[in-house]
Amino acid sequence: MQINVYEMIEDDKFFIGSYPDNFSKGRWFTVEELIYSSYEKIEAEYLEKYNPNGQSELELGVFDVDNVSGLWSGEYDVSSLIDKLREIESTGYYEIDLEIYEFTEEFFEETGMSIYDVARAVYFGNIKGWNDDYIGFNGYGNFETYSETDYQSQIDMYVKDLGLF
């Protein structure tokens, strides 16, 4: 299955700044702003807006994340964050090993399973609800259904395993 990770993170925001005088100064940046910027441009903007008197500064850092996607964890320096975002945006789609399908009659037709095998996979599987949106196979080859929320959680887990965050 291919996932567009950029679409998952495009609404996230990052607070970049410094702590002169024990008070955070800086601003929020969108993913798009960071992709099309550079550390040097961000630093120049920071020095112009938040340090007009030329006080000695700490290095700029990412101090907070408006983590809409829920994928970010840990600490990031500004340059590596920009590089990471550019990589995600330029790659577009990432391949993840997630075999979950829409829960439709066509799914059962496309599996090529006999009626007996379908009955066994349902009986020994985990059909949480016939109205679930998605279905897949568990580790034993039996059916398991997923709500929209469960499906998104599975995607998030596999995307985190890509090592991008």
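Reader: In β4, which residue is the bridge partner of Phe 15?
Author: The partner is Asp 64. The model is a predicted one.

Reader: What makes β2 and β4 a strand pair?
Author: Pairing takes at least two bridges between the strands. Five bridges join β2 (residues 13–18) to β4, so the two strands pair. They run antiparallel.

Reader: Which strands form the open sheet, and in what order?
Author: There are three, in the order β3-β2-β4, with antiparallel pairing.

Reader: Why are β3 and β4 called edge strands?
Author: β3 (25–30) and β4 (61–66) each pair on one side only. Neighbouring strands of this sheet are turned by 25° against each other on average, direction ignored.

Reader: Which helix lies across β2 and β3?
Author: That is α3, which runs at about 140° to β3. Leu 47 is found in this helix, which spans residues 39–50.

Reader: Why is Leu 47 called partly exposed?
Author: Its relative accessible area is 35%. Buried needs under 20% and exposed needs over 50%. The value for Leu 47 falls in between, so the residue is partly exposed.

Reader: How far apart are the C-alpha atoms of Leu 47 and Gly 17?
Author: They are separated by 9.9 Å, with the two residues 30 apart along the chain.

Reader: How many aromatic pairs does a search of the whole structure find?
Author: The search finds 14. One of them joins Phe 103 and Trp 130, with ring centres 6.0 Å apart and planes at 40°.

Reader: Why is the pair of Phe 103 and Trp 130 called tilted?
Author: A pair needs centres within 6.5 Å, and 6.0 Å meets that. Stacked planes are under 30 degrees apart, and edge-to-face planes are over 60.

Reader: Is Phe 103 buried or exposed, and how do you know?
Author: Its relative accessibility is 16%. The cut-off for buried is under 20%, so Phe 103 counts as buried.

Reader: And Trp 130, buried or exposed?
Author: Trp 130 stands at 60%. Exposed means over 50%, so Trp 130 counts as exposed.

Reader: What makes the pair of Tyr 123 and Phe 124 edge-to-face?
Author: The ring centres are 4.8 Å apart and the planes stand at 85°. That angle is over 60 degrees, so the pair is edge-to-face. Tyr 123 is exposed at 67% relative accessibility, and Phe 124 is exposed at 53%.

Reader: Which residues form one aromatic cluster?
Author: Tyr 101, Phe 103, Phe 107, Phe 108, Trp 130, Phe 137 and Phe 143 do.

Reader: How do you know that the charged end of Lys 128 sits near enough to the ring of Tyr 146 to count as over it?
Author: The distance to the ring centre is 4.8 Å. Arg 27 lies over the face of Phe 29, at 3.8 Å from the ring centre.

Reader: Why is Glu 144 called buried?
Author: Its relative accessibility is 19%, and buried means under 20%, so Glu 144 counts as buried. Glu 144 is in strand β8 (residues 143–146). Residues it touches include Lys 128 and Tyr 134.

Conventions. Residues numbered from 1 in each chain as written. Predicted model: local features only at pLDDT ≥ 70, side-chain atom pairs only at ≥ 80, totals over all residues. Heavy atoms only, no water. Buried < 20%, exposed > 50% of the residue type's maximum accessible area, 1.4 Å probe, protein only. Lys NZ or Arg CZ within 6 Å of the ring centre and 35° of its normal. Helix = DSSP H or I, 4+ residues; strand = E, 2+ residues; numbered from the N terminus. Axes fitted to C-alpha atoms, helices over the stretch in contact; angles between N-to-C directions. Contact = heavy atoms within 4.5 Å. Lists of a residue's contacts leave out its neighbours within four places in sequence.
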